[in-house]
Amino acid sequence: MIRLGAIADDLTGATDLAITLTAAGFRSAVVVGHEAVTTELGEQADAVVVALKSRTSPVDQAVSASLAALDALQRIGAERFYFKYCSTFDSTPEGNIGPVTEALLDALDEDATVVCPSFPANGRTVYQGHLFVGSQPLDESPMRHHPLTPMTDSNLVRLMAAQTRATVGLVPLQEVHRGSSALREVLMSRARDGVRHLVVDAVTDDDLRTVAEAAGHLKLLTGGSGLAQGLDGPRARAQEPITVRDRRRVVLSGSASSMTQTQVRHGLEEGDGVQLDPSALRADLAGCVGGIVARALAGPATPFVVYATAAPSDVRNLDDAPLIEEALGAIAHDLVDRGVDSLVVAGGETSGAVVSALDITDLRLGPTLSPGVAWARAARRSGDDVMVVLKSGNFGGADLFTTAWDGVA
Ligand SMILES: Nc1ncnc2c1ncn2[C@@H]1O[C@H](COP(=O)(O)OP(=O)(O)O)[C@@H](O)[C@H]1O
Ligand SMILES: O=C(O)[C@@H](O)C(=O)COP(=O)(O)O
């Protein structure tokens with residue numbers, strides 16, 4: 001019987017959470033969409049994370065996909081749940097974090113939950129309800145210019161209140177520092193007073209462990225992956241061995257995040273690459289894909305980086321986003337068809353597109369490269385496996401695109 005059922009609003013978020021759950025001693029599996037949740041999986045894993053692509057989808061679609069995932073997880077025995085969203089609270093003014101949390105609480109007949117995106121290992125902390133990225137408030141960080149979910153406020157209470165009709169309240173750090181028993185009393189009493197979404201401050205991993213312990217009575221937790229450090233798995237040895245046979249090292253980057261831009265520039269200095277040109281893609285998608293695949297296969301570039309954005313000025317028209325995703329998915333498909341057995345993919349939406357083009361059903365996490373970034377063995381519906389790193393936009397060091405293969409190749 002699985003101990004934890006999780007729902008992640010994008011793919012990199014799902015792998016990020018599974019990395020933390022694996023470290024916390026859960027045998028974890030990431031599955032793509034609710035249809036891939038099976039009874040066998042429930043027997044093999046202690047935690048199942050359903051990866052959705054719902055972060056920027058219309059609210060009603062995000063809600064129905066999340067409820068379908070909840071239902072599938074309940075069917076394989078899950079009684080405790082985790083809604084994973086971005087540690088930078090990536091969302092639109094109307095959702096989808098608020099409406100999905102609300103719908104999950106209703107379906108579970110629960111009064112309240114915590115809202116806890118803090119992830120100190122990657123510089124995301126929450127103080128007095130304000131989300132910081134490193135030393136900058138969220139709205140002064142590069143997230144202000146994110147192409148799909150620009151974040152122009154750092155106040156989580158205000159952001160969440162705009163996305164839900166229910167009451168949102170703040171549990172400040174002082175309450176967290178009183179320890180888990182006292183904090184649990186606070187969470188319970190605020191819930192009795194009708195506060196449904198409890199934004200809890202946390203600036204260190206210790207704070208997160210206190211929050212997780214205090215929230216032990218809640219059926220639903222919500223947050224980034226950091227909060228999951230405080231969950232106790234059955235301590236199974238859970239990491240998947242990763243083996244890469246093919247020498248070619250290809251990075252597919254649709255991410256427009258500032259860390260990815262640094263990684264793209266570094267990768268181009270160390271290896272080779274090509275930038276996607278939306279107008280050329282629009283004119284002849286198949287021709288562009290074929291040309292790029294041929295160049296990547298000519299290798300052995302270390303690495304070969306296919307990228308959409310190397311500088312903020314590269315993002316000219318957001319309407320190009322689906323075309324870029326389609327192209328990167330098609331490139332991934334052709335490369336794997338021709339024997340490439342490992343790919344580093346940057347960006348959550350982009351990872352969703354690549355995973356769907358490769359018809360991947362589930363992922364098991366292998367060695368970690370940096371907080372929130374790890375290799376995974378991805379099982380395809382066709383029966384073969386491919387090794388992937390699905391990198392969240394702002395995660396990983398500057399040299400990730402060159403060093404990712406050290407130790408597995
Ligand atoms: N130059 C560009 N022009 C238009 N859209 C872009 C460009 N670069 C990236 N995108 C789109 O922006 C989105 C980036 O989201 P994602 O893959 O989640 O990465 P991140 O959140 O790290 O930026 C994708 O849909 C991608 O196709
Ligand atoms: O919590 C996080 O920051 C990540 O797991 C995540 O969700 C990042 O999303 P993308 O930047 O869209 O990859």
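Helices (H or I, at least four residues) and strands (E, at least two) are DSSP runs, numbered from the N terminus. The model is predicted: local features need pLDDT of at least 70, side-chain atom pairs count only at pLDDT 80 or more, and totals for chains, interfaces and linings use all residues. Residue numbers start from 1 along each chain as its sequence is written, while chains are lettered from A and ligands numbered from 1 in the order in which they are written.

**View 1. The loop between E4 and H4.** Asn 96 is placed in the loop between strand E4 (81–84) and helix H4 (97–108). The peptide bond that joins Gly 95 and Asn 96 is cis, with omega about 10°. Phe 89 is found in the loop between E4 and H4 as well. Phi of Phe 89 is near 55°, a positive value in a residue other than glycine. Most residues other than glycine have a negative phi, and most peptide bonds are trans. Phe 89 is buried, with 23 other C-beta atoms within 10 Å. A residue is buried if 20 or more other C-beta atoms lie within 10 Å of its own, exposed if 12 or fewer, and partly exposed in between, with C-beta atoms placed from the backbone.

View 2. Gln 128 is not a glycine, yet its phi is positive, about 50°. With 13 other C-beta atoms within 10 Å, Gln 128 is partly exposed.

**View 3. Helix H8 and its packing.** Helix H8 covers residues 205–214, and its buried residues are Asp 207, Leu 208, Thr 210, Val 211, Ala 212 and Ala 214. These buried residues pack against strand E5 (113–116), helix H6 (173–176), helix H7 (180–192) and strand E10 (195–200); contact requires C-beta atoms, placed from the backbone, within 7 Å.

**View 4. The shell around ligand 1.** Ligand 1 is surrounded by 21 residues, the closest being Ser 255, Ala 308, Gly 347, Glu 349 and Gly 393. A residue is near a molecule or strand if its C-beta atom, placed from the backbone, lies within 6 Å of it. Helix H12 (321–337) and helix H13 (348–357) are the elements that give two or more residues to this shell. By class, the shell around ligand 1 has eight nonpolar, nine polar and four charged residues. Ala, Val, Leu, Ile, Met, Phe, Trp, Tyr, Cys and Pro count as nonpolar, Asp, Glu, Lys and Arg as charged, and the others, Gly among them, as polar.

View 5. Of the 16 residues around ligand 2, Gly 13, Asp 16, Gly 348, Ser 392 and Gly 393 come nearest. Helix H1 (residues 11–23) gives the most to this shell, with three residues. The shell around ligand 2 divides into one nonpolar, 13 polar and two charged residues. Ligand 2 lies between domain 1 (4–230) and domain 2 (250–403), because both give residues to its shell. The domain bounds come from an automatic or database domain assignment.

**View 6. The contact of domain 1 with domain 2.** The centres of domain 1 and domain 2, taken over C-alpha atoms, are separated by 27 Å. In domain 1, 24 residues are in contact with 27 residues of domain 2. On the side of domain 1 that touches domain 2, H1 and strand E2 (28–32) each supply at least two residues. H1 has the largest share of that side, eight residues. By class, the side of domain 1 that touches domain 2 has 12 nonpolar, eight polar and four charged residues.

Methods:
Two residues are in contact if their C-beta atoms, placed from the backbone, lie within 7 Å.
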